[in-house]
Amino acid sequence: MPRSVLSPLPVQGSPRPTALPLGALAAGVGLSLIGSAALAQSVAPPDVTPSSAQVSPADDTSVQTLPSVTVKAQADRKPAAKTSYQAVSTSIGKGKQALRDVPQSITVVTEKLIDDRNLDDLKDLLRTTAGITFQAGETGEEDVRLRGFSLSQAGDLYIDGMRDPSLYERDTFNNDRVEVLKGSASMLFGRGSTGGVVNQVSKQPFLMTQHEVEATVGTGNEVRLTGDFNIKTGDSAALRMNIMTHEADNDGATVSKKGFAPTYRWGIGTNDEFTVGFMHLEYDNNPIYNHPWFTVDGKIVPKLDAQNFYGLDSDYNRGNATYGTLSHLHRFGDGGELKTTLRHGRYQRELWATVARFATGTTLANLNDNTVITRASKGRIAITDGTVLQSDYNNKFQLAGMRHNVITGLDWSQDEARRANSYADPAGVTRPTTTVGHPDAGQSITDSRAPVAFNEFTSRNLGLYVQDMVEISPTFKLLAGLRHDRFKASYETVAGVKFDRSDNLTSQRLGALFQPSDWASFHASYGTSFNTSGDTYQFAVQGPSLKDANTPAEKSRNFEIGTKLDFFDQRLSVNASAFYTEKYNERNTDPDTAADQQLLSGKRHAKGLDIDIAGQITPKWDAFFSYTWIPVARIDKSNVTTGNAQRQGDRPGLTPKHSASLWTTYQLAPKWRVGGGLNHRGEQNPEGNRTLTADAFTTLDLMAEYQVDSRMSVKVNVTNVTDELYADSLYRGFYAPGAARSVQVALKASF
């Protein structure tokens, strides 16, 4: 029986894990300190003197006039994301800035909204964000799509603005908020980001001793315990620790995960602020890989109860993510800031799961509890060691009679990945069958797979960027940004074939903002992005071929016009934007099999409207609304002419016309708060199957909370109240069901 690759022992045939070199650590801090010393000698702008320097505050701070030698500010006593659905600032655009100054559509899910809706898993959170859909991957790598374009496999998931490099099961216990930036953004993030990016913002220590513990029990014998402990350790220092444990049996689809995330921050609000953090998340789950479907007149018809688990007890989806982060922020007397961050981590995922199918001859007419379910296997292993070093400088100054807000910097990343993308049962192994009426049958098999053999993939990227927002007048701003990336990748297949690829790529960003008042902002923007073949083909089942690796990057662009408005004394934000997103040289399979690369002759686009509302309608009434309308999405050019895959003129898969999420709460009485919401996704095709569509669906969630006293509350959540049966994630031959109705009761204590 092969040893799990997630054990502490080394994997057969794999290279030694990459250790974080002390030299890189020193370089990260040194870059920031050297920059501090050099820039400190620069001359202050004409309108700033040393005695009246304007200081950029720390996170969530109020500015004070202080001596020039030591810059100090007082941090807010509670992060804003804990108390409101509304976000007014973001760090997704390289440095903290007001949301109204970002000329793109952004949806922000704050910690308060995460808690109110019990969005414990990142995928659950993304389901409440309009424009998001899910692909049930053939080998278990569920992809996330935004506006119909890949997020996960394009590498567009981030933590604190740094690439989260691998596919694993993410939890929200350490998230202050999650930001979804929509549209091309390679000028900010480098490769990827055709549809947008998802940035998970980690909880940070603040200058107050405050603790919060929450215990949750629920359907499926769920037991979840989280703790958020913040300790003020000095006048400018604090330690924050977030912990999580989660267990559930879910009628066989078990969940078992644990997380620990301590962060220490010192020098808060002073010239030099340091942060050191650690994150460890591990899980050992047994997944519902899929449910088989029936089709009637081109419609996918789900029939099996959503909670039915037809896998084996020996199945698993296990993995972990472990990384450390060191950051230094220097504040200059002229208001500039230089932030340098170094992160290194290891990310592991191992899947061994059951593909459930109806026995041959099964139809809707003869389906019953005795209908046989056959089982096949899927297996996949991925191990990634990732290192990121980035340094960002921002400042405001006067030049040529205009105010400039400049951000510039560099980032360097390296990923060393080992992937066994097809590690299923060996030939000759037959999994036992079961019946429709007998899920969770308690059956197991012995793992007889040979020792794993890996394809290996290494990538390195160096990016340099600069962006300037120029205040032409008090109400009009222009933005221009430019970035250059040097991307290099190397491959070695199981067969020992080696090849590499390099790309030099430039990205642009342009924008204009008209802000006639402090509550209204109007914008127009243009941005580009690119998707490297090196990233895409590392996920190929047998690893990339030389033809794949030789293919240059795809390129995309995004046009947008929109507005960001604040109402009710700026307590409620209303954002709307019209967009046109186009991938104009998409990879196409070359009919000439002797060609040395894939064609870049494909083209597709999506155009529509985003609307986001978040905040307070009245002091007692909170609301969140996210809506995306994509009336037009089309494959404009394709050389696919046969089979079921989408072809020229078709609507791309996983791109519904309508998707929306609504959530609202109301304070009925001093001790009682109630809430409810809807999630809707319109009709859509699976990727790669133009002949079938999955019906639209809408689910209802409810919540009631009782405040026992100032320190303790009890909350009840019911999700999918009507127990709607629907296809949540789709693949060309099967689906994964949306979660069945569940009830959770949570007791929270603050002290």
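1. The model is predicted. Its largest cavity holds about 280 Å³ of space. A search of the whole structure returns 13 cavities of 30 Å³ or more.

2. The lining of the largest cavity comprises 22 residues, and those closest to its centre are Asp115, Phe173, Glu214, Arg224 and Thr226. By residue class, the lining of this cavity splits into 8 charged, 8 polar and 6 nonpolar.

3. Which elements give two or more residues to the lining of the largest cavity? They are α2 (111–117) and the strands β13 (210–218), β14 (222–234) and β15 (237–248). Among the contributors, β14 gives the most, with 5 residues.

4. Is Asp485 buried or exposed? Its relative accessibility is 0%, and the cut-off for buried is under 20%, so Asp485 counts as buried.

5. The side chain of Asp485 has a polar contact with the side chain of Arg483, at 2.7 Å. Both atoms of this pair belong to side chains.

6. Leaving aside residues up to four places away in sequence, Asp485 touches Gly190, Asn461, Leu462, Gly463, Asp503, Asn504, Leu505 and Phe530.

Notes: Residues are numbered from 1 along each chain as its sequence is written. This is a predicted model: local features need pLDDT of at least 70, side-chain atom pairs count only at pLDDT 80 or more; totals for chains, interfaces and linings use all residues. Side-chain values use heavy atoms; hydrogens and water are left out. Buried means under 20% relative accessible area, exposed over 50%, partly exposed in between (1.4 Å probe, protein chains only). A polar contact is a pair of N or O atoms within 3.5 Å; within protein, one must be able to donate a hydrogen and the other to accept it, and residues adjacent in sequence count only if both atoms are side-chain atoms. Contact means heavy atoms within 4.5 Å. On a 1 Å grid over the protein atoms alone, a cavity is a set of points where a 1.4 Å probe fits but cannot get out, and a pocket is an open set with protein on both sides within 12 Å along at least five of seven lines; lining residues have an atom within 4 Å of a point. Grid points are joined across faces, edges and corners, and a volume is the space filled by probe spheres set on the points. Helices (H or I, at least four residues) and strands (E, at least two) are DSSP runs, numbered from the N terminus. Ala, Val, Leu, Ile, Met, Phe, Trp, Tyr, Cys and Pro count as nonpolar, Asp, Glu, Lys and Arg as charged, and the others, Gly among them, as polar.
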